[in-house]
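Dear colleague,

Please find the structure below. My notes follow it.

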Amino acid sequence: IIYHKQKRQQKSLHPPGPPGLPFIGNLHQFDTSAPHIYLWQLSKKYGPLMSMKLGSVPVLVVSSPKMAKEVLKTHDLVFSSRPRVLGQDKLSYNRLDVAFAPYSESWRELRKIFVLHLLSNKQVQSFRLIREEEVFRMIRSLSVRGEFGQATNLSDDVVSNEHVYLLSGMIGRLDKVCKELDEFYQELIDEHLDPSWPKSENPNILDLLIKLKEEKACSIDLNWDHVKAILMDIFIAGTDTGAATIIWTMTALMKHPTSMKKLQNEIRELIGEKAQVNEDDLPKLPYLKAVIKETLRLYPPAPLLLPRETLEKCNLNGYTIPPKTLVYVNAWAIARDPEYWENPNEFQPERFLNTNVDIIGQDFQVIPFGAGRRGCPGISMGLATVEIALANLVYSFDWDLPSGMKKEDIDTEVLPGLTMHKKIPLSLVPRNNKYP
Ligand code: HEM
């Protein structure tokens, strides 16, 4: 009797959750096609802190702004490691990167490199011309197709890097993909090491990494695998998320023509007869920023952030969370919490016009970039890229759906994967090209 009583008391120390089977826990129930929606539905029954088990691994699912703040701010350090995942191990050269690395001295040092050297505001500004050039190239290529009235599959233009494209839904082809990526990184490195490589006044990210390596400027011995692992972070964490944001924003705008028109008016009134929107124009486009924030609220590209792992035992809201617990913060569910958001499922960019609530990780009701010491270090770079691309897409064309399709037909189903991509690509016809 005492044993059973103790067992019951022990159990009640963990947050509630769905019952699982011996050995496999809740593995058989886990819907991997849209886990954020599945976990959100479960959290309505079990609450904002929910326990599960994947095999023998304890899992904690966090589904409210208040609990997210506890995890990502109050107990930030305890929740700041990442779990080991086979595919990610391979992609990250055995976790030598930043995004998938466990909490460690090496992670701290590399993250410092990201924040201070690669993605500082000054550095992000220095990449401005590259961003503009790439966006204008995309608009030119869309114009050619627009002249022939072709529907264009926007994902192909936005996700221009073939390697990044390969990464969505690729687990079966992992070895092949890793080998191809490695060859690609090696080619880039060789190119940059070639003495005839032009030295620019504005070194790019790889130039900076090579310089840091050669100067032995950090406390860990930076080797080529570190450099390649960081390149991987930039390709996956950096480009894929931005591309998804652009597609989801266009999806939301096509479903809401009034918002599209309002945005086009804002941009066209400001830009006048100029051929394109430049980065200098962006601070004068408040509705554009509101549209992007509202899209990131409703369609966060990483709906469960990147999974965390606890470093040690911790007490959370009266519950005991064991060490090495896998932690999912459901940013998707959190940003639709009716206690914090009026009409949470409606696309209403205006809600971000007169408010101090922002998406950068201080306000826990909307955390598309995560928060705390493992929060995204690429917010400025990500937003700069998304803003310039969208401003030009919306400025340069009017957009039609392929003939016979209505706005109600645009679906929001998602593909399984690290980043939330649209299952059915968004096909649109660019019209009334303004680009000369
Ligand atoms: C719209 C664009 C982007 C979105 C929505 C996004 C979102 C995220 C999210 C949700 C996380 C996990 C945060 C957490 O666990 O709390 C993350 C981490 C990360 N992001 Fe981003 N990101 C974007 C752009 C970028 C860019 C442009 C870069 C770099 C070029 C970048 C590099 C990283 C890295 C290195 C991490 C791992 C940080 C760590 O574990 O310490 N991201 N991002």
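Is N94 buried, partly exposed or exposed? N94 is partly exposed, because 14 other C-beta atoms lie within 10 Å. The cut-offs, with C-beta atoms placed from the backbone, are 20 or more other C-beta atoms within 10 Å for buried, 12 or fewer for exposed, and partly exposed in between.

The model is predicted, so local features need pLDDT of at least 70 and side-chain atom pairs count only at pLDDT 80 or more, while totals for chains, interfaces and linings use all residues. Residues are numbered from 1 along each chain as its sequence is written.

Backbone

Most residues other than glycine have a negative phi. N94, not a glycine, has a positive phi near 60 degrees. N94 sits in the loop between α4 (86–91) and α5 (105–118). Helices here are DSSP runs of H or I with at least four residues, numbered from the N terminus.

N343 is also not a glycine, and its phi is positive at about 40 degrees. The loop between α15 (331–334) and α16 (379–396) holds N343. N343 counts as exposed, because it has 9 C-beta neighbours inside 10 Å.

Ligand

Around the ligand there are 28 residues, and the closest are G238, G370, C376, G378 and G382. Two or more residues of this shell come from each of α5, α12 (224–255) and α16. The largest contribution is that of α12, with seven residues.

By type, the shell has 17 nonpolar, eight polar and three charged residues. Ala, Val, Leu, Ile, Met, Phe, Trp, Tyr, Cys and Pro count as nonpolar, Asp, Glu, Lys and Arg as charged, and the others, Gly among them, as polar.

Regards

Terms used: Near = placed C-beta within 6 Å.
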